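Please look through the structure below before reading on. The points that follow are brief and can be checked against it one at a time.

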Amino acid sequence: STVSTTQLSGIDDYFFRVISPTTAYAKKSADYHYTRLGKKRVAIAYDAENRAYTESWLADYRSTLLKHGGQIISTLPFLSSNDFDFSQLARQLLLKNPDAILMIANSVDTAMLAQQIRQLDSTVFIATSEWAATERLIELGGKTIEGLAIEQLLDRDSQHPAFLAFRSAYMARYAVEPSFGALAGFDAANVVLDALASRKKEQTLKQAILTQRVFTGAQSEIRFDDMGDAQRETFMFVVRNGSFVRQQ
């Protein structure tokens, strides 16, 4: 339910997804970094253990930033592991005095790298991708990720009635806040159930989904194209006082 690589986009098969491909997230980030914040020279670190996602995200971000007139001054792959030297990676990222450092990684690696960057530079702008958008990032990153920018599909402060009902039920059952993965999983299940309920006798499930096209998610509409790729609303956040604060 959280697969977003463009390697699976535009293929007429039985794979449907309820989240947008990396293009939507990476473009939103590049637009925000360059247009809103004026960050023109960006150094990037990405987790090569998940190339299908990170290299897809990187390509989409690069394309948008270059169209604006920005520059990727370095791209540094790393292999996530318990004994990886994030201090050395931080030094390499800062070597060319970037306006911003972008990390395309999970929440744990993003937090660990941010800690090392802040030991060397207290002011450089830091951003990450939606893969890291979990409470684990806040917990591990602490003060070192204050001001960090991140786009994501989950607005934790949404007052949409369907989301409030989902959040209440989720917390009652699991005693934790729902993550973006939980929201995507919930929406995916409901797409299947709604399509089955409306399916005509002669239709396959795929045909039923493509006939309906637009489904109501817990926070926003999910719109499928002919290939089963979805578009949905995404949001930009900045970490403030240990919370994700929506910007746009």
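**Notes on the structure**

1. Leu-193 counts as exposed, because its relative accessibility is 52% and the cut-off for exposed is over 50%. Keep in mind that this is a predicted model.

2. Where does Leu-193 sit? Its place is in helix H7. This helix covers residues 180-198.

3. Helix H7 is the main contributor to the patch, giving 3 residues.

4. Strand S1 pairs with strand S2, which is made of residues 71-78. The pairing is parallel and runs over 7 bridges. As an example to find on screen, Ile-44 has Thr-75 in S2 as its bridge partner.

5. Between S1 and S2 the chain passes through helix H2, residues 51-68. This β-α-β crossover is right-handed.

6. Strand S1 has a parallel pairing with strand S3 (residues 100-104) too, over 5 bridges. Here the pair to look for is Val-42 and its bridge partner in S3, Ala-100.

Terms used: Residues numbered from 1 in each chain as written. Predicted model: local features only at pLDDT ≥ 70, side-chain atom pairs only at ≥ 80, totals over all residues. Heavy atoms only, no water. Helix = DSSP H or I, 4+ residues; strand = E, 2+ residues; numbered from the N terminus. Buried < 20%, exposed > 50% of the residue type's maximum accessible area, 1.4 Å probe, protein only. Pairing = 2+ DSSP bridges. Right-handed = clockwise from strand over helix to strand, strands pointing away.
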